[in-house]
Amino acid sequence: MTTFTALIVGGGIGGLALAHGLRRAGIPADVYERTHERTDWLQGYRIHISPAGARALHHCLPAPNWQAFLEAAAPGGSFGFLTDHATDLLALDEAEINTPGAAEPDRHYGIGRIPLRAALLDGLDDSLHLGKTFTHYTLDGDRVTAHFDDGTSATADLLIGADGANSRVRAQLLPHAHRAETGVITVAGRNPEPAALPEVLRTRANIVIPRGPGSLFTAPEAGQIIWGFSDAVRHLPSDVTKMDGPALQHLVATRIAGWSPAFRTLIADSDPATVNAFHVKSANPVAPWPTTRVTLLGDAIHNMTPMAGIGANTALRDAALLSRLLAEDAGLAAVQRYESEMLEYGFEAVRRSLRNARQSATSTHLSRAFFRTTLRATAALPPLRHAMARSLGR
Ligand SMILES: Cc1cc2nc3c(=O)[nH]c(=O)nc-3n(C[C@H](O)[C@H](O)[C@H](O)COP(=O)(O)OP(=O)(O)OC[C@H]3O[C@@H](n4cnc5c(N)ncnc54)[C@H](O)[C@@H]3O)c2cc1C
């Protein structure tokens with residue numbers, strides 16, 4: 001009997017977790033990643049891993065990698081919604097977010113992308129191929145071949161495109177599937193010396209919901225504070241994505257002129273080199289397609305806005321689901337079941353994160369007043385608080 005084999009394009013969060021998951025299922029899987037070094041993955045943002053993501057990681061990873069993840073991760077931390085005067089609308093502390101006594105895979109974690117990648121990479125040396133930029137694939141009977149820009153190729157029974165939001169695998173498999181602008185722009189940056197800022201900004205993640213338009217996300221990260229001010233495209237200059245750091249800092253300062261001085265200091269004292277503006281994008285819904293020897297995982301299919309903090313958790317869920325189904329029956333029937341389930345929960349997550357993105361840029365005072373009242377009511381009612389804590393990163 002010949003062994004069913006897989007090749008994974010993209011060694012990001014989802015692709016590396018899948019490689020482990022498939023290996024544990026007895027399916028040889030090689031990963032082809034375009035970056036050259038194990039440390040090339042330099043986006044420093046901290047990732048929130050929810051219980052759904054942690055359970056998926058626990059399923060995919062061998063014990064030493066899971067242990068490395070636990071050692072590098074911190075507890076999920078606390079989270080709050082603030083008014084523009086820096087007072088609490090709703091705050092959830094660590095004990096509410098992480099039920100005391102919950103098993104390790106059922107907890108929330110925070111982890112930097114670089115330590116997460118290190119925990120994922122360990123043990124994959126023999127099957128990880130760096131510096132391989134995928135260009136296209138060819139199907140030949142019951143085999144699929146991936147071609148790379150250095151002229152090399154690799155063949156397997158199944159190709160999984162885990163090559164992120166601008167996936168070339170998706171572009172070939174589903175040329176009609178696109179990411180669209182959401183009408184929201186985020187200006188993001190990093191404050192390197194937050195000592196002068198209030199404790200609430202230094203110790204927990206926050207979303208600031210002002211009475212008027214726009215919103216601000218803040219989160220402590222490795223002794224710094226990262227932030228993102230989001231607003232509707234129509235409220236911002238048409239050349240905002242081309243503006244430099246100081247111009248963007250000035251722009252955000254004018255947008256939050258009436259807010260607490262703490263937020264104005266956060267923006268003004270940020271490192272201008274870290275400040276940039278980008279269109280928030282989201283995948284358009286995709287209908288099921290006839291299953292072939294090529295499938296997709298993570299951002300490559302259900303790319304979503306960062307406003308719900310669930311993109312990586314959903315990619316991990318894909319990795320665990322596909323590994324589990326292929327372990328039961330390594331063939332195209334399993335791939336079809338994977339695609340059908342993944343499209344359901346993946347695009348439900350896309351819709352949720354899109355709602356959050358639109359909420360962040362809403363401009364009517366009425367909808368804002370309603371949202372703020374809902375948050376205050378949730379804060380006051382324990383069952384609603386618990387439901388909110390449980391839903392984080394779901
Ligand atoms: C600011 C920000 C904060 C976020 N915070 C969170 C959070 O707290 N929690 C959460 O769950 N999600 C979060 N996300 C979303 C999360 O980062 C993504 O959903 C996640 O990284 C997707 O994983 P992936 O494996 O699908 O893709 P990626 O992690 O993007 O990996 C894709 C890989 O494919 C490689 N690749 C691309 N093209 C090719 C090619 N042609 N050939 C070979 N290799 C290729 C890339 O180099 C990369 O390594 C956040 C996103 C942003 C922008």
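Which residues does Phe-79 touch, not counting residues up to four places away in sequence?

## Phe-79 and its surroundings

In this predicted model, Phe-79 touches Leu-92, Ile-97, Arg-204, Ala-205 and Leu-392, with residues up to four places away in sequence left out of the list. Phe-79 sits in strand E5. Is Phe-79 buried or exposed? Phe-79 has 24 other C-beta atoms within 10 Å, so it is buried.

Phe-79 and Leu-332 are separated by 253 residues in sequence. From C-alpha to C-alpha, Phe-79 and Leu-332 are 42 Å apart in space.

## Two domains

The protein chain splits into two domains. Domain 1 takes in 6–76 + 99–178 + 283–358. Domain 2 takes in 181–282 + 359–391. Their C-alpha centres are 29 Å apart. Domain 1 puts 15 residues into the contact, and domain 2 puts in 13 residues.

Which helix supplies the largest share of the side of domain 1 that touches domain 2? Helix H12 (residues 332–360) does, with seven residues. By class, that side of domain 1 has seven nonpolar, five polar and three charged residues.

## Nonpolar cores

The largest nonpolar core holds 58 residues. Within this core, Ile-8, Ala-17, Leu-18, Leu-159, Leu-297 and Ala-319 touch the most other members. Helix H11 (residues 311–328) gives the most to the core, with eight residues.

Leu-18 shows how this looks at one residue. With residues up to four places away in sequence not counted, Leu-18 touches Ile-8, Ile-160, Ala-162, Leu-297, Ala-319, Leu-322 and Ser-323. Another core, of 43 residues, lies apart from the largest one. Among its members are Leu-82, Ile-207, Leu-266 and Ile-310.

## Helix pairs

Helix H1 (residues 13–24) packs with helix H2 (residues 51–60) at an angle of about 45°. Their axes are 8 Å apart. That angle makes H1 oblique to H2. On the H1 side, Ala-17, His-20, Gly-21 and Arg-24 meet Ala-56, Leu-57, His-59 and Cys-60 of H2. The contact of H1 with H2 contains four nonpolar, three polar and one charged residues.

Helix H8 (residues 245–255) and helix H9 (residues 261–268) form another pair. Their packing angle is about 170°, with the axes 9 Å apart. H8 and H9 are therefore roughly antiparallel to each other. Gln-249, Val-252 and Ala-253 of H8 make the contact with Arg-264, Ile-267 and Ala-268 of H9. By class, the contact of H8 with H9 has four nonpolar, one polar and one charged residues.

## Positive phi in two loops

Ala-86 is not a glycine, although its phi is positive, at about 65°. Ala-86 lies in the loop between strand E5 (79–82) and strand E6 (88–92). How many C-beta neighbours does Ala-86 have inside 10 Å? Ala-86 has 17, so it counts as partly exposed.

Ala-222 also has a positive phi, near 50°, and is a residue other than glycine. Ala-222 is placed in the loop between strand E15 (215–221) and strand E16 (224–232). Inside 10 Å, Ala-222 has 9 C-beta neighbours, so it counts as exposed.

Key: Residues are numbered from 1 along each chain as its sequence is written. This is a predicted model: local features need pLDDT of at least 70, side-chain atom pairs count only at pLDDT 80 or more; totals for chains, interfaces and linings use all residues. Domain bounds come from an automatic or database domain assignment. Two residues are in contact if their C-beta atoms, placed from the backbone, lie within 7 Å. Helices (H or I, at least four residues) and strands (E, at least two) are DSSP runs, numbered from the N terminus. Ala, Val, Leu, Ile, Met, Phe, Trp, Tyr, Cys and Pro count as nonpolar, Asp, Glu, Lys and Arg as charged, and the others, Gly among them, as polar. Axes are lines fitted to C-alpha atoms, for helices over the stretch in contact, and angles run from 0 to 180 degrees between N-to-C directions. Angles under 35 degrees count as roughly parallel, over 145 as roughly antiparallel, 65 to 115 as roughly perpendicular and the rest as oblique. A nonpolar core is a set of buried Ala, Val, Leu, Ile, Met, Phe, Trp, Tyr and Cys residues joined through C-beta atoms within 7 Å. A residue is buried if 20 or more other C-beta atoms lie within 10 Å of its own, exposed if 12 or fewer, and partly exposed in between; C-beta atoms are placed from the backbone.
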